[in-house]
Number of protein chains: 2
Amino acid sequence: MDSSPAANPPPAEMRRRPGGRSAQVRGAVLAAVRTLLVEHGYDALAVDTVADRAGVHRTTVYRRWRDVGGLLADALDEAADDGWRPPDTGTLHGDLHALNREVADALTADPSLSAALIAASFRSEQAARALRAFWDDRYERCAVVVHRAAARGEIPAGSDPRRLLVAATAPLYHELVLLRSPHDDRLARQAAGYATAAAREGAFV
Amino acid sequence: MDSSPAANPPPAEMRRRPGGRSAQVRGAVLAAVRTLLVEHGYDALAVDTVADRAGVHRTTVYRRWRDVGGLLADALDEAADDGWRPPDTGTLHGDLHALNREVADALTADPSLSAALIAASFRSEQAARALRAFWDDRYERCAVVVHRAAARGEIPAGSDPRRLLVAATAPLYHELVLLRSPHDDRLARQAAGYATAAAREGAFV
DNA sequence: TCCTTAAGGCGACAACTGTTGCGTTAAGAT
DNA sequence: ATCTTAACGCAACAGTTGTCGCCTTAAGGA
């Protein structure tokens with residue numbers, strides 16, 4: 001490749017040794033994580049298995065990612081930069097319902113990255129941090145849903161977006177993740193429903 | 001049903017060999033579980049550690065409880081028969097707030113049995129089942145809170161107790177368990193608040 | 001081209017997890 | 001008092017998880 005002596009601008013925003021072996025290893029390992037997760041679900045995600053599949057030595061994975069949670073966290077970070085945008089259906093209830101449907105789909109997908117990360121977050125500090133960052137980002141992006149509703153006059157101005165959004169989505173997480181209830185679209189709709197009702201009453205100002 | 005020739009009344013409700021060695025072993029093991037959980041938290045709850053503390057052989061624990069989740073599940077079953085009753089403050093909001101305070105206390109206790117069980121439920125089917133049964137029981141007992149509110153005319157008759165209770169408690173679980181937010185009594189109060197508001201609007205009928 | 005040095009490869013290791021076969025104990029029945 | 005048998009104790013075992021020290025590789029700078 002180009003080995004020009006002068007004017008050697010760093011190719012990307014990555015420091016250290018950008019295009020080198022490290023990057024290749026990281027790519028191979030994260031690819032292995034994704035593949036194994038899709039093929040065999042969370043249970044297949046042992047550090048050994050991932051290293052094996054990536055053609056990399058165990059110790060390398062242990063040193064760079066520490067545990068399965070670290071692997072998932074890194075994989076999530078890479079995936080979080082998608083240009084996801086919240087739904088815009090024209091009503092608060094419609095937006096929240098659509099949002100809850102997305103949440104339900106993510107949680108009940110066959111090998112669910114979300115579910116895997118939640119499980120991992122109880123065993124790995126890295127995974128817990130990544131999950132929290134992911135959710136913070138999502139709630140941030142969703143704030144516009146609440147602002148639009150306020151602008152339309154559906155709910156009082158000054159309603160706290162995060163609290164409203166948590167109120168709308170939490171029952172779904174509670175049923176699907178903690179109580180392991182079977183998935184039912186009524187859950188998504190009803191949760192959106194009473195969050196909307198409470199918001200109209202000014203419960204989030 | 002009973003086809004025993006002579007009247008042979010079973011001494012207690014436990015079958016098999018009630019007062020014998022099995023019962024002693026079970027008692028010792030569950031006591032060890034409680035002790036270790038209080039002293040060192042969930043992390044100290046390895047099968048080996050429990051067996052050691054109980055003065056019982058490892059294999060015995062593995063055969064009877066299978067894993068840590070099984071131990072926690074059994075410990076929870078024993079503890080679930082306390083005569084717990086929901087608060088009765090005179091208003092729906094007061095009851096829900098008091099309830100949420102109890103939930104928050106249970107979740108933020110230093111070594112929290114609840115938190116340990118939630119974590120274990122992701123790794124053990126037994127623990128997941130026990131936790132679900134525990135919650136079902138609690139929601140059942142709490143239904144009276146909703147019925148009283150309806151009787152007082154605070155909320156429409158026919159409001160679904162379970163859905164209302166989930167709506168009131170889920171945001172708390174979401175913040176404390178999933179998002180790991182720092183504990184703040186406002187969480188408990190606000191969640192009780194908008195569940196009450198939505199209930200008044202008839203969102204749970 | 002050569003040098004420096006993170007990062008990766010390798011093997012050994014200890015600790016933990018879970019299972020199996022077999023002998024022993026003791027609860028409850030005759 | 002004796003018998004039967006479920007449950008326990010025991011030891012050996014295999015598989016997994018995570019760490020360590022040491023050597024080798026190759027990226028990037030001179």
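This section describes the fold, the symmetry and selected local features of a predicted model containing chains A and B.

Chain A is built from nine helices and has zero strands. Read from the N terminus, the order of its elements is therefore written α-α-α-α-α-α-α-α-α, with the elements taken as DSSP runs. Of the 205 residues of chain A, 46% count as buried. Contacts between residues 24 or more positions apart make up 66% of the contacts in chain A with a separation of 6 or more.

The relation between the two chains was examined next. In general, two copies of a chain are related by a rotation about an axis and a shift along it. Here, chain A is superposed on chain B by a rotation of 180 degrees with 0.0 Å of shift along the axis, and the RMSD is 0.1 Å. That is the relation of a two-fold axis. Within chain A, the C-alpha nearest the axis belongs to A:Ala198, at 2.3 Å from it. The same surface serves both copies, as 100% of the contact residues of chain A recur in chain B.

Helix α9 of chain B comprises the 16 residues 185-200. At 1.5 Å a residue, α9(B) should span 22 Å, and the separation of 23 Å between its end C-alpha atoms agrees with this expectation. At the start of α9(B), a side-chain oxygen of B:Asp184 lies within 2.8 Å of the backbone nitrogen of B:Arg186. After the helix comes B:Gly202, which has a positive phi, near 75 degrees. The buried residues of α9(B) are B:Ala188, B:Ala191, B:Ala192, B:Tyr194, B:Ala195, B:Thr196, B:Ala197, B:Ala198 and B:Ala199. These buried residues pack against elements of both chains: α8 (161-178) and α9 (185-200) of chain A, together with α5 (92-108) and α8 (161-178) of chain B.

B:Arg200 is also found in helix α9 of chain B. With a relative accessibility of 48%, B:Arg200 counts as partly exposed, because this class lies between the limits of 20% for buried and 50% for exposed residues. When residues up to four places away in sequence are not counted, B:Arg200 touches B:Glu154, B:Ile155 and B:Pro156. The C-alpha atom of B:Arg200 is separated by 9.4 Å from that of B:Gly153, although the two residues are 47 residues apart along the chain.

Helix α5(B), one of the elements against which the buried residues of α9(B) pack, has 17 residues. Buried positions in α5(B) are B:Leu92, B:Gly94, B:Asp95, B:Leu96, B:His97, B:Ala98, B:Leu99, B:Asn100, B:Val103, B:Ala104 and B:Leu107. The cover over these buried residues includes α6 (113-121), α7 (125-152), α8 and α9 of chain B.

In soluble globular proteins, nonpolar side chains tend to be buried together. In the present model, the largest nonpolar core has 130 residues. The residues with the most contacts inside this core are A:Val29, A:Leu164, B:Val29, B:Trp135 and B:Leu164. Apart from residues up to four places away in sequence, B:Val29 touches B:Val50, B:Ala54, B:Val56, B:Val61, B:Trp65 and B:Leu71.

B:Trp65 is also a contact of B:Asp74, a residue of helix α4 (residues 68-80) of chain B. B:Asp74 has a relative accessible area of 14% and is therefore buried, since buried means under 20%. Leaving aside neighbours within four places in sequence, the contacts of B:Asp74 are B:Arg26, B:Leu30 and B:Trp65.

A further local feature concerns Arg66 in each chain. A:Arg66 is found in the loop between α3 (58-65) and α4 (68-79) of chain A, and B:Arg66 is found in the loop between α3 (58-65) and α4 of chain B. Although A:Arg66 is not a glycine, its phi is positive, at about 70 degrees. B:Arg66, likewise not a glycine, also has a positive phi of about 70 degrees. The relative accessibility is 63% for A:Arg66, which counts as exposed, and 62% for B:Arg66, which also counts as exposed.

Key: Residues are numbered from 1 along each chain as its sequence is written. Chains are lettered from A and ligands numbered from 1 in the order in which they are written. This is a predicted model: local features need pLDDT of at least 70, side-chain atom pairs count only at pLDDT 80 or more; totals for chains, interfaces and linings use all residues. Side-chain values use heavy atoms; hydrogens and water are left out. Copies are superposed by least squares on the C-alpha atoms of residues with pLDDT of at least 70 in both. Contact means heavy atoms within 4.5 Å. Helices (H or I, at least four residues) and strands (E, at least two) are DSSP runs, numbered from the N terminus. The expected span of a helix is 1.5 Å times one less than its number of residues. Buried means under 20% relative accessible area, exposed over 50%, partly exposed in between (1.4 Å probe, protein chains only). A polar contact is a pair of N or O atoms within 3.5 Å; within protein, one must be able to donate a hydrogen and the other to accept it, and residues adjacent in sequence count only if both atoms are side-chain atoms. A nonpolar core is a set of buried Ala, Val, Leu, Ile, Met, Phe, Trp, Tyr and Cys residues joined through side-chain atoms within 4.5 Å.
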